[in-house]
Amino acid sequence: MSVRIRKIAKLLEAARHRHDLYTVFSDCMEAMAITLANAADTRQRDDREARYLKIVGRYDRSTIETWPQILAELALALEESPTDVLGAVFGMLELHNAYRGQFFTPFEVCRLMAGMQIGDGADARQIIERSGFVTVQEPACGAGAMVIAFAETLREAGINYQQHMHVTAVDVDPRAAHMAYVQFSLLHIPATVIVGNSLTLETRESWFTPAHILGGWSRRLAVREPTALEAEPPKAPVVPATTAVNPAPAAQPVLQLSLF
């Protein structure tokens with residue numbers, strides 16, 4: 001277990017005697033997500049700033065002062081070893097026992113799955129040569145472990161995911177979506193993170209990472225033309241069908257991730 005992961009857990013646990021730990025964790029994740037989003041997403045800044053002030057207004061100063069420390073430790077942990085740091089903290093604090101019995105997929109399993117799908121990167125390079133980038137649809141993203149594993153596997157195959165990958169990630173749990181958004185933002189992954197339901201196509205919130213906004217991905221996704229291969233209806237599904245909330249144009253779902 002990483003020293004930084006233990007330090008993040010310790011910082012969160014410092015508030016346990018004054019506040020419910022699950023609530024502190026959830027509010028910390030949302031506050032960090034708002035902090036990162038407001039640096040680039042000007043269209044939603046005012047509403048999110050009001051939400052941020054409402055969140056911090058519920059806590060004492062000593063608790064609030066730990067949150068920038070947690071963000072700093074998270075950034076350093078991801079720089080040292082890109083992995084699902086927040087998912088590990090969530091499990092370490094045993095918060096999965098407090099709500100819905102949630103468990104996040106172990107990162108080692110995600111790496112194995114990403115490696116099996118990407119291989120030596122040849123298929124991804126063909127897609128990038130045709131279209132400029134690959135797109136990833138994650139219908140139940142949790143804290144973002146599978147996407148992080150996918151990005152790292154692309155990087156190890158010599159593909160710059162910051163320039164040649166875009167992610168649409170969905171989760172029904174706002175806290176999980178905020179965790180994913182924070183980690184994607186710090187890893188500079190171009191992504192749209194949606195709080196919603198992939199099965200019912202419900203969308204409650206949309207979070208655009210700084211990499212998405214600064215990289216002009218809304219325009220890049222809109223102008224991307226389908227290739228002949230993509231335009232053909234699939235004869236047989238290669239992976240179980242998934243439905244993404246608010247998908248980009250029809251040509252987009254080139255590579256899909258499905259978690260079970």
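**Helix packing in the predicted model**

Modeller: In this predicted model, α2 and α5 cross in a right-handed manner.

Colleague: At what angle do helix α2 and helix α5 pack, and how far apart are their axes?

Modeller: Helix α2 (residues 21-37) packs against helix α5 (residues 66-80) at an angle of about 70°, and their axes are 10 Å apart. Angles of 65 to 115 degrees count as roughly perpendicular, so α2 is roughly perpendicular to α5.

Colleague: Which residues make that contact?

Modeller: From α2 the contact uses Val24, Asp27, Cys28, Ala31 and Met32, and from α5 it uses Trp67, Ile70 and Leu71. By class, the residues of the contact of α2 with α5 are seven nonpolar, no polar and one charged.

Colleague: Let us turn to α7 and α9. What is the angle between them?

Modeller: Helix α7 (residues 107-118) and helix α9 (residues 145-156) pack at about 50°, with axes 8 Å apart. That angle makes α7 oblique to α9.

Colleague: Is the crossing of α7 and α9 left-handed or right-handed?

Modeller: α7 passes α9 in a right-handed crossing. On the α7 side, the contact involves Phe107, Cys110, Arg111, Met113, Ala114, Gly115, Gln117 and Ile118. On the α9 side, the residues are Ala145, Met146, Ile148, Ala149, Phe150, Glu152, Thr153, Leu154 and Glu156.

Colleague: How do the residues of the contact of α7 with α9 divide among nonpolar, polar and charged?

Modeller: They divide into 11 nonpolar, three polar and three charged.

Colleague: Why is α9 described as largely enclosed by the rest of the structure?

Modeller: The reason is burial: 10 of the 12 residues of α9 are buried. The buried residues of α9 are Ala145, Met146, Val147, Ile148, Ala149, Phe150, Ala151, Glu152, Thr153 and Leu154.

Colleague: Which residue with a positive phi follows α9?

Modeller: α9 is followed by Gly158, whose phi is positive, near 90°.

Colleague: Now the whole chain. How many helices and strands are there?

Modeller: The chain has 14 helices and five strands. Of its 260 residues, 50% are buried.

Colleague: And among contacts between residues at least 6 apart in sequence, what percentage join residues at least 24 apart?

Modeller: Within that set of contacts in the chain, 75% join residues at least 24 apart.

Terms used
Residues are numbered from 1 along each chain as its sequence is written. This is a predicted model: local features need pLDDT of at least 70, side-chain atom pairs count only at pLDDT 80 or more; totals for chains, interfaces and linings use all residues. Side-chain values use heavy atoms; hydrogens and water are left out. Axes are lines fitted to C-alpha atoms, for helices over the stretch in contact, and angles run from 0 to 180 degrees between N-to-C directions. Helices (H or I, at least four residues) and strands (E, at least two) are DSSP runs, numbered from the N terminus. Angles under 35 degrees count as roughly parallel, over 145 as roughly antiparallel, 65 to 115 as roughly perpendicular and the rest as oblique. A crossing is left-handed if the near helix is turned anticlockwise from the far one by less than a right angle, and right-handed if clockwise. Contact means heavy atoms within 4.5 Å. Ala, Val, Leu, Ile, Met, Phe, Trp, Tyr, Cys and Pro count as nonpolar, Asp, Glu, Lys and Arg as charged, and the others, Gly among them, as polar. Buried means under 20% relative accessible area, exposed over 50%, partly exposed in between (1.4 Å probe, protein chains only).
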